[in-house]
Structure formats: C-alpha cells, structure tokens
Amino acid sequence: MDFQLSPQLELLRKSVREFAEGAITPKVQHMEETDEVPWDLYKEMAKQMYLGILIPKEFGGTGLGNLARMIMLEEIGRVSAAMAMATQIFHMGTASIADFGNDAQKKKYLPLLARGERLGTIAVTEATGGSDPTGIQTTAKLQGDSYVLNGRKCFITHGHVADTITIMAKTGEGPKGFSAFIVEKSFPGFKLGRKERKFGLHGCNTGEIVMENCVVPKENLLGNEGDGLKVSMATISEVGRAGMAGCGLGVINACLEASVKFANQRMLGGKSISQHQAIQWQISDMYMDLEASRLLAYRASWMRDQKMRCDTDMAMAKYYATEAAVRCAKKAVDVHGGYGYMMEYAVQRYYRDSEILIASAGTSEIQRIVMARKALTSFK
Amino acid sequence: MPPIKLDETSEWKGILVFVEQEEGCIAEVSFELLTAARELSHKRGSVQVGAVVVGHEIKGLAQDLLAYGADRVFLADHPSLQKYLALPYTRLICDLVLREKPEIFLLPATSLGADLAARLAARLKTGLSAHCTQLDINGRGELTQVVPAFGGKVMATILCPAHRPQMATIRPGVFRRGERGEGQGTVEGLPVEIEPGDLKQRVLEVHWEKKPAQTIEEADVVVAGGAGVGNPEDWKWVQELANALHGAVGGTRPPLDEGWISEEQMIGQSGKTVRPKLYIGVGISGVIQHVVGIQDAKVIIAINNDPNAAIFQSADLGAVADFRKIVPLLIEELGKKSNAG
Amino acid sequence: MNIMVCVKPAPDPKRWDSIQLDPVTKALRREGIPSVLGPLDKRALEEGLRLKEKHGGKVAAMAMAPPSARDNLVEALAMGADEAYLLSDRAFAGSDTWATSLVLSRGIQKAGKFDLVICGEWSLDGSTGHVGAQLAEFLEIPNVGRVVAVEIVEGESLRARSMVELGDRILDTSLPALITVTRETNTPRFTSLLGVIEAETKPCVSWSAADLGIRPEEVGFRGSPTQTGDIFMPEMKRKAEMLRGEPEGMITEILHKIRQAIG
C-alpha cells in the first residue's frame with residue numbers, strides 16, 4: 001500500500017496551487033462583494049485544461065481521473081470554495097455524458113465541454129424532491145422525435161451558467177419511471193428562473209431553471225428510458241460526493257493555515273497564542289480532521305480510478321470531510337477571537353462557505369444511511 | 001587564461017578600484033569604494049590605491065579621484081567607450097590587472113559594476129564576492145568579505161585564499177565618502193585599441209526615467225502614511241516622497257477609512273504584505289497589525305514626532321520629527337541628486 | 001532558434017525559517033525543505049517560450065543541482081520546455097559562481113548549439129547575480145543583464161532594454177548571446193494539465209562530471225576560487241538608530257540610509 005502520491009500528482013498539485021494563488025485569489029474579494037460569476041476565470045481554467053479532467057483523451061479531455069481531480073479541487077478550494085464548487089460542477093456536467101452517453105452523444109458534447117466552449121451541470125433537485133429524488137415532478141413525454149419536458153428545478157449550481165444540463169425527469173411510474181436527458185439551454189421552452197442569494201459561496205451561481213414545453217430531441221436521452229435514477233444517482237453519488245469532499249478539503253486547509261498564521265502572530269500574556277495549549281488543541285484537531293479527510297477522500301478517488309465500486313467510500317469521505325470543514329471553520333473563527341467575526345479576515349468566509357457542503361450531493365443523513373446499509377451487511 | 005599559481009600570490013600588491021561614471025559624472029559609490037580601499041590599504045601596510053576609469057572625455061575626473069583617496073588613476077579614454085559595454089571594458093581592465101597585479105580589486109555592486117566584475121573574475125579565474133557588507137584584513141593578510149545569503153537570513157565570510165586579485169563588489173551606502181584631501185598622485189592614460197570583438201554590442205539609447213512600480217507588492221520602494229498624517233492635504237507629502245523615490249504609496253487602516261488610499265494599498269495583517277528594498281513610514285504609530293506587513297522590508301525608516309511610537313522598535317532608522325518639515329527637505333535633496341545624474 | 005534556459009532550484013523561501021546552522025560544522029542544514037524554481041527562473045523560461053513561439057525552434061532547461069532537483073526540471077518541462085538537462089555530481093558540491101558557470105558552460109556546449117542563453121538575474125538563495133555574466137564569459141559570448149524586453153532582429157542579433165539603477169539602456173547585441181531577466185520582464189504562464197501530462201514524455205538527461213569532461217579538482221569546494229569561512233545567522237532585530245533635533249540635521253543620515261537600501 002503506497003501512500004505516496006506519484007510525482008505527476010505532486011506536479012499537478014503544485015501547478016494548480018500556483019494557478020489558484022495567481023489567478024483566483026485576486027478575484028475572491030470581488031466575488032464576495034458582488035456575487036458576480038467570474039467568467040474570465042472559467043475561461044482561464046478551460047485554457048489550463050481543468051474542465052476535462054474526467055473526460056477521456058479520445059474526447060478531448062486529459063483523462064487524469066478522480067484522484068487528480070480530488071487534488072485539484074482541494075487546491076482550488078483552499079483559495080476559494082466558490083471556485084471549487086464551480087469546478088466540481090463542471091466535472092459533474094461532463095461525467096454523466098462520459099459515463100452513460102452513447103458514442104454520438106460523447107462525440108458531440110465532450111470535446112466542447114473539455115475545451116470549455118460549453119459549460120455543463122446536472123439538475124435533479126426540485127421543491128418536491130432532493131434527498132428523495134423520486135419525489136420530483138418534472139415530466140418528459142415522448143412526442144414524435146422529441147421529448148417535451150415540463151417542470152422546475154431549484155437550487156441548481158450553475159443553473160444560469162451552464163449551456164448543457166443533464167436533467168432528470170419522470171417518464172413513467174415507479175423506480176424505473178425516471179429518465180435523464182441532455183438539455184441545451186438554447187432548446188425551445190427552456191427558461192431561467194430565479195437566481196438565489198446564498199449566505200456563502202458568493203460568485204458561484206445557484207439558480208432555478210424552468211422547462212415549459214421544453215423540446216428535447218430524442219437523441220439526447222441518456223441511456224434508455226427508465227435509466228434516469230441510475231444515471232443521476234451514479235453521477236451524484238460518486239462524482240458529486242467526491243466534489244463536495246474536495247471542496248471540504250480545501251476549506252479545512254485554509255482554516256488550518258489561517259489559524260496557524262494568526263496564532264503565531266497574536267500575542268497574549270507576553271507570548272504568541274500558538275504557545276498556549278488551548279489553542280494548540282484547536283490546531284491539532286484541525287490537523288487531524290485534514291489528514292483523516294484526505295485519507296478517506298484520496299482512497300475513494302483511487303478506488304474509482306481502479307473502477308472499483310466506491311459509492312459507500314465516497315459517502316464516507318463526503319460525510320467526514322464536509323462535517324469536518326464546518327467544524328474547522330468554526331474553530332478557525334474562534335481561534336481568531338473577535339477578529340474572526342470581522343469581514344476583513346477570511347475565516348468568516350470559510351464559516352459561511354462550508355455549511356452548504358453538508359446539504360449538497362446528499363445530506364450527511366443520506367450518507368449515513370448509505371454507510372449503515374453497507375455496514376449492516378458487511379459486518380454480519 | 002592560465003590560472004594564477006598559489007605561490008605567486010605574494011607578487012600581488014595594492015588595491016584597485018573600478019570607478020563607475022556616466023557622462024562625466026562619477027557615481028557616489030565610487031568615492032565610497034575609495035574610502036574602503038584606503039582603510040584596507042592602512043591595514044595592509046599602506047599599499048597603493050589605484051582607480052581605473054573607462055569612458056570618453058574622462059580626463060577631468062582624475063583630480064577628484066586623487067582627492068578622495070586614489071594614489072594612481074588609470075584612464076582608458078576612447079569615443080567607443082563612452083557608454084559601458086561588457087566586452088571592451090572587460091578586456092581593457094583585464095590587461096591592466098595583469099600588468100599591475102593588485103592584490104585586492106573593488107567594484108560597485110551596481111547593475112553595470114556587478115556585470116563587469118563577474119566577467120572579469122571569470123576571465124581572471126579568481127574569486128568574486130557579491131554585495132559585501134563588510135571588508136577587513138585577517139591575520140593572514142587576506143581580505144575577508146562578509147556577504148548576505150538566503151535573503152539576509154544568513155551572513156557568510158568569503159575568502160579567496162589561492163587566487164588573485166581578491167575581488168569584491170560592494171553595495172552603495174556601505175562605506176561613506178571620506179574627507180577631501182590634497183589630491184596628490186599620478187594619472188596614467190592607458191592605450192586603447194578597439195578590436196572587432198568589442199563591437200558585438202552597441203548601446204543605442206540611454207534613458208534616465210524610471211517607470212513607477214505597478215503595485216506595492218512589486219515596488220522596490222514603499223512610502224506609507226498613517227493616522228499621523230492627519231488630513232488629505234498633508235497626504236500629498238506621502239505621495240510626493242513616493243514619486244521622488246519612484247516608489248509606491250501604501251498606508252494603514254485609518255487612511256483607508258478616510259479614503260486617502262484604496263484597499264490595494266493597505267499594508268498589514270488583514271491587508272498586504274510588502275517586501276520592498278526601502279520602506280518609509282510617515283506618521284505611522286506602528287501597531288503590530290501593520291508591522292507584520294512590513295517586517296521583511298530590507299530597510300525601514302520611520303518618521304514620527306512621537307518619540308515613543310512603537311514603529312521605532314521595528315525600524316532601522318527613526319527620525320523623531322514633524323514629517324511636514326522633513327519630507328519636503330528630503331524631496332528637494334532627492335531632486336538635486338537625479339538632476340546631477 | 002535554440003534557446004537554453006539555466007535555472008537554479010533552491011530551498012523554498014516559505015520554509016527558510018526552518019534552516020538551521022550547525023554550530024559545529026558551520027554547515028547549513030536544510031533537510032526536508034523542498035527545492036523550488038525561483039520566480040526569476042520562471043521568467044527566464046517564460047521568455048524562452050515566448051521567443052520560441054514567435055521564431056520557432058526549441059527551449060531547453062538546464063540546472064547544476066543535486067539529484068532531487070530533477071522534479072524542478074520536470075516542472076520546467078511541464079511549463080513548456082522541450083528538453084531538460086541535470087548536471088549533477090558530488091564533485092560539484094560547494095561550487096562558487098566561477099565553478100558553477102564553468103560546469104554550466106560545459107553542459108551547454110555538450111547539449112548542442114544555442115543561439116540564446118537565458119538566466120534569471122539572480123538566484124533565490126545565493127543571489128549573487130554573477131552566474132549570468134560569468135557563464136557568458138566561459139561561453140565566449142556577449143551578455144546583457146537585467147533585460148526587461150527583448151526582440152530578435154533578423155535571427156542574427158537581439159535588441160534588448162536593460163535596466164540600470166536610474167533608468168534603462170537599449171542595446172543591440174549579436175547572437176549567440178546571453179541575457180538575464182528580472183521580475184519585470186514578463187508574467188510567467190501557468191502550467192496546464194496538458195503540460196503536466198506531456199512532461200512525462202519529454203527527455204530529461206542527467207550528466208556527471210565525467211560526462212562533461214570535468215575533473216573533480218576543477219570544481220566544487222576544491223576548485224572554487226572563493227571559499228566560505230564563517231557563517232552566522234544575524235540577529236534579525238533592527239538596530240533602530242534614532243535621529244533627534246532639528247529636521248535639517250537629519251537629512252544627510254536619511255539620504256545615506258536610502259542609498260544603502262536602493263543604491
């Protein structure tokens with residue numbers, strides 16, 4: 001069992017860190033203040049080939065895989081959780097097509113998504129179903145050569161940014177009554193709904209999308225009719241959970257670094273607070289959370305790269321890393337004392353950004369159900 | 001170039017100084033090096049100090065060089081040498097060094113001085129230390145050269161035991177120009193023949209205007225103002241001092257709150273960290289939140305009329321004075337310097 | 001045009017406060033601190049890559065460094081260099097700038113014909129700023145230091161703007177030549193994932209002293225004209241000289257300090 005990352009992955013980490021610090025950091029404050037989408041950063045990431053990390057080389061991606069992706073998200077998240085979320089959702093938009101698309105669909109969409117000429121996302125959640133996706137009510141009716149979709153999807157990351165959206169809709173009844181479609185925002189009947197204002201992840205778009213008799217060509221059915229749950233759940237439970245874990249890792253890194261820096265500078269009773277045990281315990285707990293989250297996240301990613309079944313391992317990594325991110329963010333704010341509450345220090349941003357990671361790509365409770373299911377059969 | 005053999009080092013005597021000049025104006029650092037040379041000369045039993053100048057229409061410079069410490073002045077004067085060019089300067093000075101055999105050869109650690117020193121040392125196969133901050137003669141009669149490494153975190157003493165001349169470049173300001181003397185000594189014109197190899201380079205233009213820095217993080221010089229500046233009219237002194245030094249303007253939180261600077265210019269724990277060669281704090285009290293942002297600056301000068309201001313603990317040089325009196329005088333003197341070239 | 005970029009991997013500055021001075025051997029202990037390419041190394045590579053994009057040819061990267069610096073040369077390949085050369089040998093340890101320049105010159109001569117050699121103005125750790133000019137001397141080519149802008153003229157010469165203390169100079173220099181670059185020269189590009197992948201396929205050659213025809217006594221501790229004597233880590237506290245009295249009387253001191261800082 002070799003716990004060392006390959007030289008190529010170390011080089012990848014270094015390169016992404018330089019990009020994150022050089023290109024993303026200068027834009028963070030503006031994103032915080034305006035909640036504006038940083039289109040130029042997306043262009044730049046596309047140029048650096050970040051978007052196609054899960055797309056095979058034959059379709060224009062780099063095919064570097066899941067562990068490389070996890071490291072990328074960790075490095076971006078360390079500087080901006082909003083950008084890490086944007087990056088991970090781009091990947092999710094490519095994954096459903098790469099994993100379940102037919103040749104024609106892959107040839108048509110993947111190269112464009114890899115180059116960033118099209119931006120992708122996935123839309124499952126509705127007012128009536130998130131944790132329980134079977135509660136969704138968007139319908140898709142076959143009419144001639146097309147499916148006609150009707151419904152509204154809410155809380156969709158990049159709902160207003162993406163050109164190419166994997167949408168889950170009802171084509172029948174029961175668990176096999178769902179299908180997944182590749183929907184382009186230019187299709188007739190596709191509209192943008194409300195733009196959400198979140199208390200964190202500023203600069204990462206979250207919005208409602210509306211389908212009113214939205215006409216989707218038959219060729220854009222992903223897999224077969226009835227595969228909808230399979231397609232979306234596979235994407236969310238592997239690529240989505242990993243994405244959240246990556247964002248969480250980034251936040252934990254940032255919290256630890258900010259806390260160490262502040263603790264070393266801040267003087268109390270003639271010495272820096274980093275020399276007081278109470279602060280040292282906060283720091284060591286964050287360090288523990290970082291390493292444990294990393295091990296779980298890297299292992300699950302490695303497993304996916306080996307094409308091993310990894311949905312529970314992803315659940316575990318997601319659950320741990322995102323809860324840890326929230327824990328560490330609170331600790332970081334506390335270490336900063338009064339300064340932690342002030343907007344000019346970054347830790348308040350980590351505190352606000354981290355919370356949503358728990359609810360996204362399956363809440364912590366969902367992850368625990370998944371883990372229980374496996375434990376109850378494996379440990380009999 | 002055959003290497004100098006160990007047992008021949010004793011043939012080498014005296015100290016040579018390279019005089020940097022532009023358009024007939026001797027750089028201040030050249031006078032400082034003459035002072036260094038004189039001090040070393042005393043320690044070596046009053047050996048001769050030579051000064052070499054390369055350029056055009058430089059005969060008039062000899063008198064000042066003799067007055068400030070040279071015993072002998074060597075002039076290589078030719079129209080083609082008016083502007084510094086590495087190849088002919090290296091060739092001519094190398095010939096002089098091999099003829100005169102100085103034991104010690106000092107050059108300024110400036111852009112051109114260091115360039116010349118490096119080529120010369122390579123050609124002469126001898127040791128060269130860079131931007132020395134101290135020079136001395138040890139018990140064995142060797143030149144000890146103290147230089148910074150790792151950004152100044154480490155200081156090393158360099159020796160050149162088996163090669164001659166012992167070469168060192170010295171930063172401006174390490175020594176000071178000495179007292180003007182009577183100026184007795186000899187002046188020798190060196191024969192100059194331009195060779196084809198000298199003409200591989202041509203200087204087309206020289207400009208005196210230095211571009212101002214883009215951001216405070218990139219600037220070599222940062223002038224920062226604090227609450228002590230008091231009002232926006234007086235803030236102009238901070239700006240003008242920065243201009244005079246071709247530097248950038250920074251500040252603490254109160255100027256930001258007042259709108260005299262932008263977020264990009266705020267220096268401190270929750271703002272920018274700067275590492276300029278020179279930081280001047282004007283009317284800054286020096287609370288830790290600001291000081292953490294400047295502690296890696298090479299030189300910190302603080303001007304504050306409160307003698308107890310915390311900033312003085314973190315400064316290299318503190319001036320207890322009203323900046324409204326000091327800064328205008330500084331700007332005036334700096335203006336004189338650049339006009340004189 | 002064939003461009004050779006010389007880089008100097010050095011201990012990561014972010015970790016310099018971990019550097020220890022062994023009080024007995026007076027050697028610097030820097031174990032565990034990874035080496036990095038300095039910001040000037042990256043600018044040298046960037047300038048080479050830009051010139052290659054404009055004029056065709058290839059960019060090679062070279063370093064005289066311990067074996068662990070191979071990773072840094074791979075970084076250079078990932079950034080876009082076509083081939084890399086590591087000059088590594090125990091005999092090189094302790095080389096001063098003279099010996100280093102000698103080794104690099106032999107390496108460059110062995111690697112092939114180059115029209116242009118580019119170095120950073122100074123390295124992160126030693127920061128003498130001398131290797132560029134000394135290397136040019138060994139290669140017997142002209143050099144221009146502190147170049148902030150360079151153009152190739154008809155493949156035969158280069159026109160460069162070179163910084164000096166109070167301004168800049170524009171020079172024409174015939175090729176082959178060497179230039180050193182500064183912080184202002186350019187903004188280095190980011191390394192894309194494609195670069196990371198391609199780096200694995202590009203050649204990275206390692207040469208020893210024997211490969212270069214260098215005898216150990218010519219270089220390293222033994223062959224270097226300068227020797228390091230005492231090393232000490234100075235107290236980092238500032239001296240705080242205080243000036244009091246009439247403002248007029250303070251000006252000379254302040255100006256002197258300013259000159260110490262910026263020359």
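Tutor: Start with a cut-off. Two residues are in contact if their C-beta atoms, placed from the backbone, lie within 7 Å. By that test, 73 residues of chain B are in contact with 66 residues of chain C. Keep in mind that this is a predicted model.

Student: Which element gives the largest share of the side of chain B that touches chain C?

Tutor: Helix α4 of chain B, residues 111–123. This helix supplies nine residues.

Student: What makes up that side of chain B by class: how many nonpolar, polar and charged residues?

Tutor: There are 38 nonpolar residues, 16 polar and 19 charged.

Student: Now chain C alone. Why does its radius of gyration agree with that of a compact globule?

Tutor: Set the two values side by side. For 263 residues, a compact globule would have a radius of gyration near 18 Å. Chain C has 20 Å, which agrees. Its C-alpha trace spans about 65 × 50 × 40 Å along the principal axes.

Student: How many helices and strands does chain C have, and what percentage of its residues count as buried?

Tutor: Chain C has seven helices and 15 strands. Buried means 20 or more other C-beta atoms within 10 Å of the residue's own. In chain C, 52% of the 263 residues count as buried.

Student: What percentage of chain C contacts join residues at least 24 apart?

Tutor: Take contacts between residues at least 6 apart in sequence. In chain C, 71% of those join residues at least 24 apart.

Student: On to chain A. Why is chain A called as compact as a globular protein of that length?

Tutor: First, its make-up: 10 helices and 10 strands. The globule rule gives 21 Å for 380 residues, and the radius of gyration of chain A is 21 Å, so the chain is as compact as a globular protein of that length. Its C-alpha atoms fill a box of roughly 80 × 55 × 40 Å. Of its 380 residues, 52% count as buried.

Student: What are the domains of chain A?

Tutor: The assignment gives domain 1 (7–115), domain 2 (120–228) and domain 3 (230–378).

Student: How do you know that domain 1 of chain A touches domain 3 of chain A?

Tutor: Apply the 7 Å contact cut-off again. It finds 21 residues of domain 1 of chain A in contact with 22 residues of domain 3 of chain A. On the domain 1 side, α3 (66–79) and α4 (81–100) of chain A each give two or more residues. The largest share, 11 residues, comes from α4(A). By class, that side has 11 nonpolar, six polar and four charged residues. The C-alpha centres of these two domains are 20 Å apart.

Student: And chain B? Where do its domains run?

Tutor: Domain 1 covers 6–200 and domain 2 covers 221–340. Their C-alpha centres lie 36 Å apart. Chain B has eight helices and 18 strands, and 50% of its 341 residues are buried.

Student: What is the strand order of the open sheet of seven strands in chain B?

Tutor: The order is β7-β11-β6-β1-β4-β5-β12, with parallel pairing.

Student: Why are β7 and β12 of chain B called edge strands?

Tutor: Each pairs on one side only. That applies to β7 (128–132) and β12 (186–189) of chain B. From one strand to the next, the twist averages 20°.

Student: How do you know that β1 and β6 of chain B pair?

Tutor: Three bridges join β1 (15–18) to β6 (104–108) in chain B, and the strands run parallel. The cut-off is at least two bridges. So the pair qualifies. In β6(B), B:Leu106 is the bridge partner of B:Val17.

Student: Which strands does helix α1 of chain B touch on the sheet?

Tutor: Helix α1 (28–43) of chain B touches β1, β4 (49–55), β6 and β11 (166–170) of chain B. Its direction makes about 155° with that of β6(B). Helix α3 (86–100) of chain B also packs on the sheet, touching β1, β4, β5 (72–77) and β6 of chain B.

Terms used
Residues numbered from 1 in each chain as written. Chains lettered and ligands numbered in written order. Predicted model: local features only at pLDDT ≥ 70, side-chain atom pairs only at ≥ 80, totals over all residues. Helix = DSSP H or I, 4+ residues; strand = E, 2+ residues; numbered from the N terminus. Rg over C-alpha atoms; globule rule 2.2 N^0.38 Å. Buried ≥ 20, exposed ≤ 12 C-beta atoms within 10 Å, placed from the backbone. Domains from an automatic or database assignment. Nonpolar A, V, L, I, M, F, W, Y, C, P; charged D, E, K, R; others polar. Axes fitted to C-alpha atoms, helices over the stretch in contact; angles between N-to-C directions.
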